[in-house]
Amino acid sequence: MLAKAGISSTYRWRLAVIAALCLGWAAWSAYDGFVKYPEHNRKVDEFNKVAEQFPDDTDQRKVEWEKIAEANHWNTEDPGHKKSTTDLNFQYGMLALTLPIGLFFLFNYLTSFKRWIGMDAQGLLSNSGQRVDFSSITRLDKRLWKRKGIASVYYKGASGPEKRFKLDDWIYETQPTLVILKHVESVLKPDQIEGGPPEPTTSEPSQPTN
């Protein structure tokens, strides 16, 4: 293989951070919705029962409440108001939102170690099995290259419409991706390159910013 670009470490760790934040939030929401809030409401119910049982005898009420609190490993402070259905539903909603997002980013992080794009003497290829012969490339769109480090290689497949092979130097390692881009430019005619002239080859070019 003439060039191979794996997933960049910056991109990989960003996947890990987002996964950790979302899954952490999901775990927190699950704990509040299924454990903490129901336990709080049970505590409020018990406190109110004691208050109703001894409405005028504050000393006896305090003694009885301390017994119940000690038996349940609660503090003896007034628990205040119950958590509402809205409070509980908010926690369930946050769990439903953050859990799938966290799992999605975790999956992408775990699979990122095997992801790559590359180039051999015949064309472009990727770990997913995508293959692009240089002779099948119809155009190169690099309008987003200088600003975001993204270039799209369009090619004709065996059948059907034009297909796309994406070069992205934020997702993939910058230097090998640039090598691949330059070689694609070298096999194309100037009118097949959209979004600017070919990258310089005689000196080290400035890197695109994301």
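1. Rings of Phe, Tyr and Trp, the last taken by its six-membered ring, form an aromatic pair if their centres lie within 6.5 Å. On that basis, a search of the whole structure, which is a predicted model, finds seven aromatic pairs.

2. Y11 belongs to helix α1 (residues 9–53), whereas W170 is found in the loop between β7 (162–168) and α5 (174–186), so the pair ties together parts that are 159 residues apart in sequence.

3. The two partners may also be described by their accessibility. Y11 has a relative accessibility of 13% and therefore counts as buried, because the limit for that class is under 20%. W170, with a relative accessible area of 26%, is partly exposed.

4. Other aromatic residues come together as a group: W13, Y109 and F113 make up one aromatic cluster.

5. The next points concern charged side chains. How many salt bridges does the structure hold? The number is 12. In one of them, the side chains of E39 and R42 meet with an N to O distance of 3.2 Å. Both E39 and R42 lie in helix α1, where they are three residues apart, about one turn of the helix. E39 is partly exposed at 30% relative accessibility, and R42 is likewise partly exposed, with a relative accessible area of 34%.

6. Another salt bridge joins the side chains of D133 and R131, with 3.6 Å from N to O. D133 has a relative accessibility of 36% and counts as partly exposed. R131 is also partly exposed, its relative accessible area being 36%.

7. K142 and E199 supply a further salt bridge, with an N to O distance of 2.6 Å between their side chains. K142 lies in the loop between β5 (137–141) and α4 (145–148), and E199 lies in the segment after β8 (193–194), so the pair ties together parts that are 57 residues apart in sequence. Are these two residues buried or exposed? K142 is buried, with a relative accessible area of 2%, and E199 is buried as well, at 6%. Through salt bridges that share partners, K142, K146, E185 and E199 are joined into one network.

8. Which residues does T76 contact, leaving aside its neighbours within four places in sequence? They are W65, E66 and A69. Y172 is a separate case: T76 and Y172 are 96 residues apart in sequence, and their C-alpha atoms are 57 Å apart in space.

How values were computed. Residues numbered from 1 in each chain as written. Predicted model: local features only at pLDDT ≥ 70, side-chain atom pairs only at ≥ 80, totals over all residues. Heavy atoms only, no water. Phe/Tyr/Trp six-rings, centres within 6.5 Å; stacked < 30°, edge-to-face > 60°. Helix = DSSP H or I, 4+ residues; strand = E, 2+ residues; numbered from the N terminus. Buried < 20%, exposed > 50% of the residue type's maximum accessible area, 1.4 Å probe, protein only. Contact = heavy atoms within 4.5 Å. Salt bridge = Lys/Arg side-chain N within 4 Å of Asp/Glu carboxyl O.
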